[in-house]
Amino acid sequence: MEYKKTYTAEELRELIHWFEAHKEQLPETLRLDKSTFIPNFRLTSEYYISIARKHYANPTYGAQIWMLFRMRDRLQEEGME
């Protein structure tokens with residue numbers, strides 16, 4: 001997903017649904033990229049989902065929501081469909 005300041009309700013609905021469907025399969029940790037390691041990924045993803053639900057229409061939170069898309073994309077790259 002490309003960074004945008006705001007995301008549609010449908011984009012967020014799809015993203016949150018993906019995380020909910022894979023909740024039991026989420027790893028404990030995630031290396032998002034060379035410089036970003038998330039040690040408690042399950043809890044972190046819950047926090048980011050909460051932000052997305054509450055603030056999806058607020059452009060101030062666009063980067064946090066984009067991070068959630070990046071997390072999903074990384075997991076899909078590792079084979080989680």
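By class, the lining of the largest pocket has five charged residues, three nonpolar and one polar (Ala, Val, Leu, Ile, Met, Phe, Trp, Tyr, Cys and Pro count as nonpolar, Asp, Glu, Lys and Arg as charged, and the others, Gly among them, as polar). The residues in question are Phe19, Glu20, Lys23, Leu26, Arg42, Ser45, Glu46, Ile49 and Arg53. On a 1 Å grid over the protein atoms alone, a pocket is an open set of points where a 1.4 Å probe fits, with protein on both sides within 12 Å along at least five of seven lines, and lining residues have an atom within 4 Å of a point. The volume here is about 170 Å³.

This is a predicted model, where local features need pLDDT of at least 70 and side-chain atom pairs pLDDT 80 or more, while totals for chains, interfaces and linings use all residues. Residues are numbered from 1 along each chain as its sequence is written, and side-chain values use heavy atoms, without hydrogens or water.

Which helix gives the most to the lining of the largest pocket? That's H2, with five residues; helices are DSSP runs (H or I, at least four residues), numbered from the N terminus. H1 (9-21) and H2 (41-55) each supply at least two.

H2 also packs against H3 (residues 62-77), at an angle of about 135° with the axes 9 Å apart. H2 and H3 are therefore oblique to each other (angles under 35 degrees count as roughly parallel, over 145 as roughly antiparallel, 65 to 115 as roughly perpendicular and the rest as oblique). Among the residues that meet are Phe41, Tyr48 and Ile51 in H2 and Ile65, Leu68 and Met71 in H3, contact meaning heavy atoms within 4.5 Å. The residues of this H2 and H3 contact divide into 10 nonpolar, four polar and no charged.

Technical notes
Grid points are joined across faces, edges and corners, and a volume is the space filled by probe spheres set on the points. Axes are lines fitted to C-alpha atoms, for helices over the stretch in contact, and angles run from 0 to 180 degrees between N-to-C directions.
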